[in-house]
Structures are given as structure tokens and as C-alpha cells.
Amino acid sequence: TLGFERTVESIRNQDVKEFFNSYYTIDNSLLVVVGNVNSLEIKDMLEKHLSGWKRYKSNTYGIFPSKNDTGKFYFIHKEEAAQSEIRIGHTAKGRKAPDYFETMIMNSVLGGQFTSRINLNLREKKGFTYGAHSSFNYNKDFGGFEVETAVHSQNTGESVSEILKELRDIRENITEKEFEFAKSSLIKRYPSLFETYSQLAKNLTVLHLYSLPDNYFDTYIPHIENATIEQAIAAARNNIFPEKATVLIVGDRNIILPQIKQVTEEEIIEVDGYGNVVL
């Protein structure tokens, strides 16, 4: 998403103008203002600075989920790399999924906080990493699930094996202690999401982007409080799919490939930095 030198070099000034005119339009814009200002002042500023904003026909910028949730293993070779970067994940539901809150609780147990299973396993128990975590990243209609960590090259294979094990285990069991701690953590840190003007603006924007109800923030804590452990386990089974997860490793092939071959019987595909298969 940051681009490459060869793609940046090909961008013309006219390309930037056309992109702006196609997607930065009045019709698809949202204005959120938080601060010591009233609506009349805002209206005056809008008329002064944006009244000349020309209308262009807005294009739909399509973002579509990958069709490659097939449990494949990929790696990118980095000569003599001391560490391996590991990403394991698959596509997921959209932001308005009915089990959003139960999934959030479940992920807190799995890898969403410092005391999560994945971090305690790889950091505290194994000593392989300074940190490992999992997250759900949402768009309106679909999302993605990802586990992320960096480990010493010699521990790459075992780290991948342990992560996949944790993904399987969360689908079978969550303890009462883990469940209650996750709920308590989510509830207690909730007020910190509204401490600054920028946080307030960001949260209000989320309501519009994901078409959430106006009372969403009022019902946030009750949703968490009313969730059951059975619902959290069901959320794991409906949202965590280790057999479909794509595994990507960046590191030294001479060190990591023999290890990964002990973890999976699947084909291990080498790609370059552009995602092209290395033959």
C-alpha cells in the first residue's frame, strides 16, 4: 500500500488530478467538527471556503475480498535476516456482523491484548518475540483477520506451529477467567476512546462509514456485559479458520524453509517483494 519506486515513477500530475476529481466530491463527503464552535460559525466557514467546490460525477472505488483463503504458505527471501516477520490470516466478515462484540471479546482472549494466549505463548512461555497479537480489520462489507509477530529466525517454524495451534484451540474452549478478564478490560478502557477531540471526531466518523445506529455508543458496554461465554466460543468457530489461513513469512530461506517443511505438507511458494512467484 505504500507503493514501489517503479509505480511512483509512472504517476503523472494528470493522474493525480483525475483521481481527485473522481473520488473527492461533495456528494460522497462527510464533515465532522468537534470543538468550541457553533453550527452558524461552521456554516459561514463552509460558505467561505467550500462554496466553489465543483461537482464531479463520483466514481465507486471498489474494494473486494480476496478469494485466496486456501491455507497456502508463502515466503519472501531476505539474505542473512536475523529475524522472520510472520503474518497469518484470512478474510473476515464486515463491520456490521451480528457477532461483532462477541468476536471482539474472543479476540481479546486470543491475541488482542498483552495477556492474550498468543502473546503469553510466544513471548512469556517461549521467549521467541517481544510481542505477538491478532486483530480484525474491518471494512463496511467485509474485513480481514491477522496474526502478526517477528521472531528469531531459528524459531520461525515453531512459532508458526504455535500460532496455528492457538487458532485451533480458541475454537474449542475459552475459560471463565479469560472471558471475564477480556470483558472487564474492554469495558474499563472504553472511556479512554473519548478523551480527545480527535478521538471524538474519529468515533463519530465511524458511525457514518459503517452505517451504525445513532445509539451505538450508548449500547456498546451493554453489548459486552450481556455476551456469554458460549457466544464467544461460537464467534471463534464462525470467524477463526486456521485451515483457510494464509501464512506469509519474510526471512532467510536457508534457515526458515527446513523449519516450515516440518509444519506443513502444503506447497511453500516463494514470492518476490512485488508478490510475483519466484520460479
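A: Strands β3 and β4 pair in the antiparallel sense over seven bridges; two strands are said to pair if DSSP finds at least two bridges between them. Within this pairing, H133 stands opposite E148 of β4. This is a predicted model, in which local features need pLDDT of at least 70 and side-chain atom pairs count only at pLDDT 80 or more, while totals for chains, interfaces and linings use all residues. Residues are numbered from 1 along each chain as its sequence is written, and side-chain values use heavy atoms, with hydrogens and water left out.

The pairing of β3 with β4 belongs to an open sheet of six strands, ordered β3-β4-β2-β5-β1-β6, with mixed pairing. Its edge strands, β3 and β6 (268-270), each pair on one side only. From one strand to the next, the twist averages 20°. Strands (E, at least two residues) and helices (H or I, at least four) are DSSP runs numbered from the N terminus.

Helix α4 lies across β3 and β4, and runs at about 160° to β3. For such values, axes are lines fitted to C-alpha atoms, for helices over the stretch in contact, and angles between N-to-C directions run from 0 to 180 degrees.

Contact here means heavy atoms within 4.5 Å. In general, an α-helix has 3.6 residues a turn, so residues three or four places apart point the same way. Just after α5, G127 adopts a positive phi of about 70°.

E270 counts as buried because its relative accessible area is 16%. Its side chain makes a polar contact with the side chain of R253 at 2.6 Å. A polar contact is a pair of N or O atoms within 3.5 Å; within protein, one must be able to donate a hydrogen and the other to accept it, and residues adjacent in sequence count only if both atoms are side-chain atoms. Setting aside residues up to four places away in sequence, E270 touches F75, H77, R253, N276, V277 and V278.

One aromatic cluster comprises Y100, F101, F136, Y138, F145, Y190, F194, Y216, F217 and Y220. Rings of Phe, Tyr and Trp (its six-membered ring) pair if their centres lie within 6.5 Å; planes under 30 degrees apart count as stacked, over 60 as edge-to-face and the rest as tilted. By this rule there are 15 aromatic pairs.

For the protein chain overall, the secondary structure amounts to eleven helices and six strands. Of its 279 residues, 37% are buried.

Conventions. Buried < 20%, exposed > 50% of the residue type's maximum accessible area, 1.4 Å probe, protein only.
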